[in-house]
Amino acid sequence: MNYADLHLHTQFSDGTYSPEELVTHAQRYGLVALALTDHDTVEGCARCAIACKQAGIEFVPGTELTAEQDGHELHILGYFIDTLNDKLLVEIAQFQNVRQNRIREMVARLKQNHVPLEAEAVFELARCRSPGRPHVARALVQAGLCSSLDEAFERFLKKNRPAWVPKFKISASDAIDLVHQAGGVAVLAHPGLNRCDEVIPGIVEAGLDGIECFHTKHSTSTSEHYLNIADRFGLLITGGSDCHGMSKGRPLIGSVKLPYQNVEKLRARALERNRPLTVPSNS
Ligand code: AMP
Ligand code: FE
Ligand code: FE
Ligand code: ZN
C-alpha cells in the first residue's frame with residue numbers, strides 16, 4: 001500500500017524543519033506523496049517541490065488558511081493550488097502583513113508588562129513571512145526572558161494572558177473561494193479539534209470539497225465520525241499528521257498515513273474544477 005501525509009508544516013510558518021529536512025523524514029517513512037500546508041503562506045512550496053522531485057516523492061502544493069465561521073476558528077486546507085496565482089499571493093500577503101503587525105502588538109504589550117523584547121528579534125528568529133506566537137515564545141527564551149516555551153505561553157501568550165492578541169481570520173467561505181480561484185480544492189482541517197460540526201453544512205454549501213478525517217489528534221472513533229460525515233455530505237477524505245517538526249513535543253510525520261488513492265481523488269477534483277467549460281455550439 002502507498003501512503004501520503006497531507007498536513008505538514010515547516011520553518012515557513014510554525015514548524016521547525018526546513019522543506020529539505022521534511023522531505024528527508026518523509027523518505028524515511030516511505031511516503032509516496034506529501035503536501036506542505038504552512039499557515040497562511042505558500043513560501044516553502046517551491047523549495048519543497050524541488051526536494052520532493054529529488055527524492056521521488058509526489059508534491060502537493062498546499063496551505064492552511066486561518067478562517068472563521070459563526071465565531072468558531074476553522075482551518076481551511078487548500079490543495080493543488082497554483083502557488084503563483086496573483087489573487088492568492090495578494091491575499092496571503094495581506095494576511096502576512098496582519099500577522100507581522102500582530103507580532104509588533106504582542107511585543108508592545110510585553111513591554112507594557114516590563115518584558116523588553118524587540119519585534120526585530122522575533123522577525124530575525126522567524127525569518128518567514130508568516131510569523132506567530134511560537135516565534136515570540138522562542139524569542140523570549142532566546143533573550144533569557146523566559147526559561148521555556150511553556151512558560152512563555154503560560155505567562156504571556158495564551159488566550160487572555162497579557163500579551164495575547166487575537167488573530168485575523170477570513171470567513172470560511174472567502175477562504176474556500178480563494179482556494180478555488182487558485183485552482184485548488186478546499187478541505188476542512190482537523191474538525192475533531194474544533195468540534196463545531198454545526199458549521200459543516202454551511203461550509204459545504206460554500207463549496208467545501210473535503211474533510212480531514214485522519215489527524216494525529218483524532219481518535220479512531222473521531223475519524224469514524226468524520227468518515228460518516230464525509231459520506232453524508234459527499235466530501236472527499238484527507239488526512240495528515242500536522243507535523244510541526246520538533247515544536248509540538250515530537251515530530252509527528254509518519255504518524256498518520258493516508259492511502260494514496262485519496263490523493264488521486266483530490267487531484268481528480270482539482271482537474272475537474274479547472275476543466276474549461278465547453279460551450280455547446282448549435283450553429
Ligand atoms: P498563532 O497562530 O500565532 O496563534 O500560534 C499558534 C501556534 O502556537 C500553534 O502552533 C500552537 O501549537 C502554538 N501554541 C498554542 N498554545 C501553546 C502552548 N500553550 N504551548 C506551546 N505552543 C502553543
Ligand atoms: Fe501550526
Ligand atoms: Fe490547523
Ligand atoms: Zn496545521
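Buried means under 20% relative accessible area, exposed means over 50%, and partly exposed is in between (1.4 Å probe, protein chains only). This is a predicted model, in which local features need pLDDT of at least 70 and side-chain atom pairs count only at pLDDT 80 or more, while totals for chains, interfaces and linings use all residues. Residues are numbered from 1 along each chain as its sequence is written, chains are lettered from A and ligands numbered from 1 in the order in which they are written, and side-chain values use heavy atoms, with hydrogens and water left out.

View 1. Helices (H or I, at least four residues) and strands (E, at least two) are DSSP runs, numbered from the N terminus. Helix 10 spans residues 220–233, 14 residues in total. From first C-alpha to last, helix 10 reaches 20 Å, close to the expected 20 Å at 1.5 Å a residue. That expected span is 1.5 Å times one less than the number of residues. An α-helix has 3.6 residues a turn, so residues three or four places apart point the same way. Just after helix 10, Gly234 has a positive phi of about 65°.

**View 2. Helix 1 packs with helix 2.** Helix 1 covers residues 19–28, and helix 2 covers residues 45–55. Their angle is about 35°, and their axes are 8 Å apart. Axes are lines fitted to C-alpha atoms, for helices over the stretch in contact, and angles run from 0 to 180 degrees between N-to-C directions. Pro19, Glu20, Leu22, Val23 and Gln27 of helix 1 meet Arg47, Cys48, Ala51, Cys52 and Ala55 of helix 2. Contact means heavy atoms within 4.5 Å. The residues of this contact divide into seven nonpolar, one polar and two charged. Here Ala, Val, Leu, Ile, Met, Phe, Trp, Tyr, Cys and Pro count as nonpolar, Asp, Glu, Lys and Arg as charged, and the others, Gly among them, as polar.

**View 3. Thr37 in its loop.** Thr37 lies between strand 2 (33–36) and helix 2. Its relative accessibility is 0%, so Thr37 counts as buried. Leaving aside neighbours within four places in sequence, Thr37 has contacts that include Leu6, His9, Thr63 and Tyr79.

**View 4. Helix 5 and Pro134.** Helix 5 runs over residues 133–142 and holds Pro134. At 23% relative accessibility, Pro134 is partly exposed. Beyond neighbours within four places in sequence, Pro134 is in contact with Asp14 and Phe153. The buried residues of helix 5 are His135, Val136, Ala137, Ala139 and Leu140. Their cover includes helix 3 (86–112), helix 4 (119–126) and helix 6 (149–157).

**View 5. Positive phi at His114 and Arg127.** Most residues other than glycine have a negative phi. His114 has a positive phi, near 65°, and lies in the loop between helix 3 and helix 4. Arg127 has a positive phi of about 45° and lies in the loop between helix 4 and helix 5. His114 is exposed at 72% relative accessible area, and Arg127 is exposed at 63% relative accessibility.
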